[in-house]
Amino acid sequence: MPEFFNVLPPAAARDLLFQHLPAAVPTETIPTEQALGRVTAAAVHAPHPLPSVRRRTMDGYAVRAADTFGATSTLPAFLTVVGEVKMGRPAGVILRPGQAAVVHTGGMIPDTADAVVPVEQTQVVEETEIEVYAAVAVGQNVLQIGEDVRQGEIVLLAGRRLRPQELGGLLALGITQLEVARRPRVALLATGDEVIHPSQPASPGQIRDINSYTTAGQTERAGGIPVLGGIIGDDFSTLKEAAAKALAKNDMLVMSAGSSVSVRDMTARVIDELGRPGVLAHGIAVKPGKPTIVAVVEGKPVFGLPGNPVSAMILYELLGVPTIYRLQGLSASPWLGRAQARLARNVASETGREDYIPARLEETADELLAHPVFGKSNLIYTLVNADGLIRVPFNKGGLAAGEWVEVCLF
């Protein structure tokens, strides 16, 4: 059996790959309302302050704060109500000493008012007179101009992945068009004479293509556009031609099964013949997924993933997903989230590699438990039945039951 060469820990392989990728990313301008999950390509500045006018934070009465000083439940202040500020209209009411105006949550307050008394701290005495039972300070219950965002302030830096709250914040400022990184196109090739399309009946010795579809889902979740290139047999010329065409039309190439023991050298040779610099790492110090190829061809990332679906998913999450982020100008963790949990049973490991163990999480009354889901790397349902992966650090010889562990969530 040939030995792996240039074996690197996952983080070192990722850093080496990123050193060979271009710093600039292609951009496009899209409607802000369609930008969920996209990555900003340039810093965004506020075109005006937010709020742009003074607004109240609750229903009540706009007042001059000085008119309420000393007011208590036993010695209230009496104010004359001289009008109402309608929602969505300018506050045209002018307050003089001893006067108040009815206001509603989110609306403007008169220029001559400097505070709002909550309605629950008042009592109507007559149609145009109220009692105020508590004093308010200047600015109390009032949103000031620019309190949320100042005019010209940077509200989003470049390289920010947009969540629903970012879309709301941009649209609140009237920013309806946004420059974002273009979604990278990721070509996915399945290889192997034994691999067939999932729609076909499997004869003895044949397996249905899983990796194309799991990596497609991971690609789309990371913001990329998966481009399925079909199944290529174990023939050097055919694989090289298919890989060259896929790479020419897309921003990244992923080949699965071609890094397994029987054909990994052929896949590496194909990659090296596609362009420079070629293979950067052939073998990653991780279990499962050691027979992984990391490469760059003329500024485009190329991966050779193991054929076993568990290995392929884990290594693609460790290396492929952060590369898709990088192609969008984003530096981010490959995991959607992490959780601290107490390990339910012992986990064996070996020093000199990182281990990733599928785990099912159980929420008890006192804590979160992580139950390892043991299984071979070609059994996809070890991941179907898991909520995440327990990471065993590089040089730690196993984990003990009862120990707190970090679970990388799917």
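A residue counts as buried when its relative accessible area is under 20%. Keep that cut-off in mind for Ala-62 in this predicted model: its relative accessibility is 0%, so Ala-62 counts as buried. You'll find Ala-62 in strand 4, which covers residues 60–63. And what is packed around it? Setting aside residues up to four places away in sequence, Ala-62 touches Leu-95, Gln-99, Ala-100, Ala-101, Val-103, Ile-109, Pro-110, Ala-113, Ala-115 and Val-116.

In soluble globular proteins, nonpolar side chains tend to be buried together. Here the largest nonpolar core has 38 residues, and those with the most contacts inside it are Leu-17, Met-252, Val-254, Ile-284, Leu-315, Tyr-316 and Leu-319. Several elements give two or more residues to this core, among them helix 1 (10–19), strand 17 (252–256) and helix 6 (309–327). Helix 6 supplies the largest share, with 12 residues. Have a look at Leu-315: leaving out neighbours within four places in sequence, it is in contact with Ile-284, Val-286, Pro-288, Gly-289, Thr-292, Leu-305 and Gly-320. There's also a second, separate core, made of 20 residues, and it includes Ala-187, Leu-189, Leu-247 and Ala-295.

Next comes helix 2, residues 164–172, where Glu-166, Leu-167 and Leu-170 are buried. Look down the axis of helix 2 and its buried residues fall within an arc of 100°, so they line one face of the helix. Their cover includes strand 2 (44–45), strand 11 (154–156) and strand 12 (177–181). Just past the end of helix 2, Gly-174 takes a positive phi of about 75°.

Let's finish with strand 24, residues 368–372. Four of its five residues are buried, so strand 24 is largely enclosed by the rest of the structure. Which strands does it pair with? Strand 22 (residues 337–343) runs parallel to strand 24, and two bridges join them; here Arg-342 stands opposite Leu-369. Strand 23 (residues 354–363) runs antiparallel to strand 24, and five bridges join this pair. One spot to check is Ala-359, whose bridge partner in strand 24 is Pro-372. Strands 23 and 24 are also joined by a hairpin, through four residues.

Technical notes
Residues numbered from 1 in each chain as written. Predicted model: local features only at pLDDT ≥ 70, side-chain atom pairs only at ≥ 80, totals over all residues. Heavy atoms only, no water. Core = buried A, V, L, I, M, F, W, Y, C linked by side-chain atoms within 4.5 Å. Buried < 20%, exposed > 50% of the residue type's maximum accessible area, 1.4 Å probe, protein only. Contact = heavy atoms within 4.5 Å. Arc of directions from axis to C-beta. Pairing = 2+ DSSP bridges.
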